[in-house]
Amino acid sequence: MVAVTELGYVGLTVSDPDAWKKYASECIGLEVYDENEPDRFYLRMDNWHHRFVMHTGASDDLAYMGWRVAGEPELHEMEALLRENGVEYSVGTIEENEERRVLGHLKLNDPAGTPIEIFYGPRVDLHLPFHPGRRMHGRFVTNNAGLGHCLIASTDLAASYEFYRMLGLSGSIEYHLGTPNGVIKPIFMHCNDRQHSIAFGVPSDGKMLNHMMLEYTHLDDLGASHDVVRKREIPVALQLGKHANDKALTFYSQTPSGWLMELGWGGCKSEPQQSYHHLDVFGHGPEATGVGLDVEL
Ligand SMILES: [Fe+2]
């Protein structure tokens with residue numbers, strides 16, 4: 001059965017590109033890569049041409065998620081699967097493939113209306129080794145684990161779960177969490193070693209994207225990011241803490257687009273069996289409220 005292999009890239013629409021360039025490089029360590037296109041720039045976190053396409057626009061939200069399959073035969077198998085399941089899609093043109101720096105891709109929407117792309121053959125620029133935007137002790141965790149994870153909006157949890165199951169991800173409810181409006185039961189799904197590449201089931205403020213998570217190979221880089229975020233007095237929604245599900249030490253702070261960035265280190269690998277949690281191992285104390293994650297962890 002064909003399955004996606006990683007969350008390979010994301011497109012984001014940002015209203016303040018200059019603030020994002022500064023934030024991405026100085027607070028996170030990402031490489032800003034500008035090819036002088038008037039409406040976009042890129043962010044790199046490894047040797048891929050890009051992992052983020054930053055489109056200038058008003059919405060300050062996710063524009064699309066790019067899910068990778070192994071190659072062209074798998075893309076055709078994915079097309080057949082979508083047809084079988086009555087999911088509408090279009091096939092990227094040669095120009096659109098070039099725009100995304102991939103060999104081929106499909107465009108569709110998930111059940112909540114979030115744009116999804118399924119692609120194969122990303123451009124990897126080994127002649128342009130990743131150059132972090134600030135000094136780093138290590139690198140970002142990517143390789144077969146994709147770029148990180150996204151927590152996205154869902155209007156129908158069962159429909160979202162079935163959709164991402166169809167794409168080849170697996171997972172389950174992993175928390176029962178207290179919120180000011182009662183208990184929520186978010187779902188976490190994986191398709192490779194990363195414990196989860198996507199999650200949903202947290203109430204949305206109207207945006208498709210609640211937060212993204214990026215992971216460092218070295219604890220000291222997480223500490224350095226934490227120092228910069230604190231020094232700049234960027235709102236922190238959840239303080240440093242260790243998640244019970246992916247075991248990562250993380251904190252959540254606000255991006256220039258309003259949604260949250262979870263920076264972390266030490267995540268565990270995905271497991272075939274399911275379990276759920278009520279609270280985290282430690283930390284993740286709430287701080288700034290009303291910025292997307294008012295949960296008791
Ligand atoms: Fe997360």
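## Pockets, metal site and sheet

The largest pocket has a lining of 21 residues, and Val202, Pro203, Gly292, Leu293 and Asp294 are those nearest its centre. Strand E9 (149–152) and strand E15 (209–216) are the elements that give two or more residues to this lining. The model is a predicted one, in which local features need pLDDT of at least 70 and side-chain atom pairs count only at pLDDT 80 or more, while totals for chains, interfaces and linings use all residues. Residues are numbered from 1 along each chain as its sequence is written, and side-chain values use heavy atoms, with hydrogens and water left out.

Pockets and cavities are found on a 1 Å grid over the protein atoms alone: a cavity is a set of points where a 1.4 Å probe fits but cannot get out, a pocket is an open set with protein on both sides within 12 Å along at least five of seven lines, and lining residues have an atom within 4 Å of a point. Grid points are joined across faces, edges and corners, and a volume is the space filled by probe spheres set on the points. Helices (H or I, at least four residues) and strands (E, at least two) are DSSP runs, numbered from the N terminus.

The second largest pocket is lined by 18 residues, with Glu174, Gln195, Glu271, Gln273 and Gln274 nearest its centre. Strand E10 (residues 170–173) contributes most to that lining, giving 3 residues.

| Space | Volume |
|---|---|
| Largest pocket | about 310 Å³ |
| Second largest pocket | about 220 Å³ |
| Largest cavity | about 160 Å³ |
| Second largest cavity | about 40 Å³ |

In the classes used here, Ala, Val, Leu, Ile, Met, Phe, Trp, Tyr, Cys and Pro count as nonpolar, Asp, Glu, Lys and Arg as charged, and the others, Gly among them, as polar. The lining of the largest pocket comprises 12 nonpolar, 6 polar and 3 charged residues. For the second largest pocket the lining has 3 nonpolar, 11 polar and 4 charged residues.

The structure holds 2 cavities of 30 Å³ or more. Of the 17 residues lining the largest cavity, Leu151, Phe188, His211, His243 and Tyr252 lie nearest its centre. This lining divides into 11 nonpolar, 5 polar and 1 charged. Residues lining the second largest cavity include Tyr9, Trp48 and Arg123.

His211 also belongs to the metal site: the protein donors of the iron ion are His149 (NE2), His211 (NE2) and Glu262 (OE), at 2.1 to 2.2 Å from it. His149 in strand E9 and Glu262 in strand E18 (residues 260–265) are 113 residues apart, and the pair links distant parts of the chain. Donors are N, O and S atoms within 2.8 Å of the metal (3.2 Å for Na, K and Ca); water is not among the atoms, so sites may look incomplete.

Strand E1 (residues 6–14) and strand E5 (residues 61–68) run antiparallel and are joined by 7 bridges. Val10 has Met65 in E5 as its bridge partner.

Definitions and conventions. Two strands pair if DSSP finds at least two bridges between them.
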